[in-house]
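Here are my notebook entries from a friendly browse through one model.

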Amino acid sequence: MRRNNRPAEGTEGLVYQCRLPLSSATLDLVSGLIRGHLKKIRSRWRKLPPGRIALIVLAVLRHDQRLSDMAGGNGISASTVRRWLLEVTGLLAAGAPRLDRALKKIARKGGVVVLLDGTLVRTRRRTGDANRPNYSGKHKTHGLLFLALTDEKGNLVWISAAKPGRSSEITAARHNKITTHLREAGLGALADLGFVGLDDDPDDPVIVTGRKATRGHPLTAALKEANRLVSRERAANEHGFADLKNWRILTKVRIDARHATTLLRALLVLTNGEIQR
């Protein structure tokens, strides 16, 4: 680290190095996408080579580094880093699987069940009327709701488009027609109590949930044991969300909410490249 004797208000700042806990295969993946994109659009040059661009974008995604900080340390502007971030996430998100194709792929491999759950990704509080739809009364914070499917081992296979934070998980599942896609693929799904009532066919259900106690009708010992079995099988789903949220940019999404779906699907591709159980 070089010594800086200028005042803190000056334009020149201190620069430090930080380890990025990602594999070289991930860096090669992102660099290759950037090179292919530059060749496709016939871009003559960029301020930095594709490898450095990929490293900067991955640092922003993994460590939630501020754009101005990354820009100052690499001799570029914050708007350039933002443009690279949106460009790379768009390229990565294009490789995210669609729901029907993801389910058919699991069926071809001999899978019989997937795990369904939802999560809230925190966002900045918006002003005016746009503030209300993203407020989640369940979590008491502003955010966007996403649904995700994992296989039996906890590997993420699909992420839905973003829904406002006030939406319920079962409404988002109905909007994405998850039960229809499951029946077409010949698969079943395990879900938590938030999805009770999603499957309208009690004779041939494709979504299995626990049972809720109601007033005057407490759960019997057998039903409690059934709930424990469902929860035990669903534990792998939480591992999938934990792997996804290792990307610290999801601690609080500060980019425009309209880019959130692209961001999550790009992180899905990166997560699957890093972790395969």
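**Entry 1: ground rules and overall picture**

I took contact to mean heavy atoms within 4.5 Å. With that setting, I looked at contacts between residues at least 6 apart in sequence, and 62% of them join residues at least 24 apart.

I noted that this is a predicted model, so I kept local features to pLDDT of at least 70 and side-chain atom pairs to pLDDT 80 or more, while totals for chains, interfaces and linings use all residues. Residues are numbered from 1 along each chain as its sequence is written, and side-chain values use heavy atoms, with hydrogens and water left out.

I found nine helices and seven strands; these are DSSP runs numbered from the N terminus, with helices being H or I of at least four residues and strands E of at least two. The C-alpha trace spans about 70 × 40 × 35 Å along its principal axes. Of the 277 residues, 42% count as buried. For accessibility I used these classes: buried is under 20% relative accessible area, exposed is over 50%, and partly exposed is in between, with a 1.4 Å probe and protein chains only.

**Entry 2: α1 against α4**

How do the axes of α1 and α4 cross? I read a crossing of roughly 100 degrees for helix α1 (residues 24-41) and helix α4 (residues 78-93), with the axes coming within 10 Å. The axes are lines fitted to C-alpha atoms, for helices over the stretch in contact, and angles run from 0 to 180 degrees between N-to-C directions. The two helices are therefore roughly perpendicular to each other, a label for angles of 65 to 115 degrees; under 35 is roughly parallel, over 145 roughly antiparallel and the rest oblique.

On the α1 side I listed L29, V30, L33, I34 and H37, which meet E87, V88, L91 and L92 in α4. By class, this contact has seven nonpolar, one polar and one charged residues. I counted Ala, Val, Leu, Ile, Met, Phe, Trp, Tyr, Cys and Pro as nonpolar, Asp, Glu, Lys and Arg as charged, and the others, Gly among them, as polar.

**Entry 3: the second largest pocket**

I looked up the second largest pocket next, and its volume is about 530 Å³. Of the 21 residues that line it, the closest to its centre are K105, I106, K109, D151 and V157. A pocket here is an open set of points on a 1 Å grid over the protein atoms alone, where a 1.4 Å probe fits, with protein on both sides within 12 Å along at least five of seven lines; lining residues have an atom within 4 Å of a point. Grid points are joined across faces, edges and corners, and the volume is the space filled by probe spheres set on the points.

Which element gives the largest share of the lining? I found α5, with four residues. The elements giving two or more residues are α5 (99-108), β4 (156-159) and α9 (260-274). The lining of this pocket has eight nonpolar, six polar and seven charged residues.

**Entry 4: V114**

V114 lies in strand β1 (residues 113-122) and is buried, with a relative accessible area of 0%. Leaving aside neighbours within four places in sequence, I saw V114 in contact with L103, I106, L149, T150, L182, L187, G188, A189 and L190. V114 and L193 are 79 residues apart in sequence and 16 Å apart in space, C-alpha to C-alpha.

Most residues other than glycine have a negative phi. R42 sits in the loop between α1 and α2 (50-63) and counts as exposed at 75% relative accessibility. K177, also not a glycine, has a positive phi of about 55 degrees. K177 is in the loop between α6 (169-175) and α7 (178-185) and is exposed, with a relative accessible area of 52%.

**Entry 5: L229**

L229 is in helix α8 (residues 221-244) and counts as partly exposed at 36% relative accessibility. I read 8.9 Å between the C-alpha atoms of L229 and G210, which are 19 residues apart along the chain.
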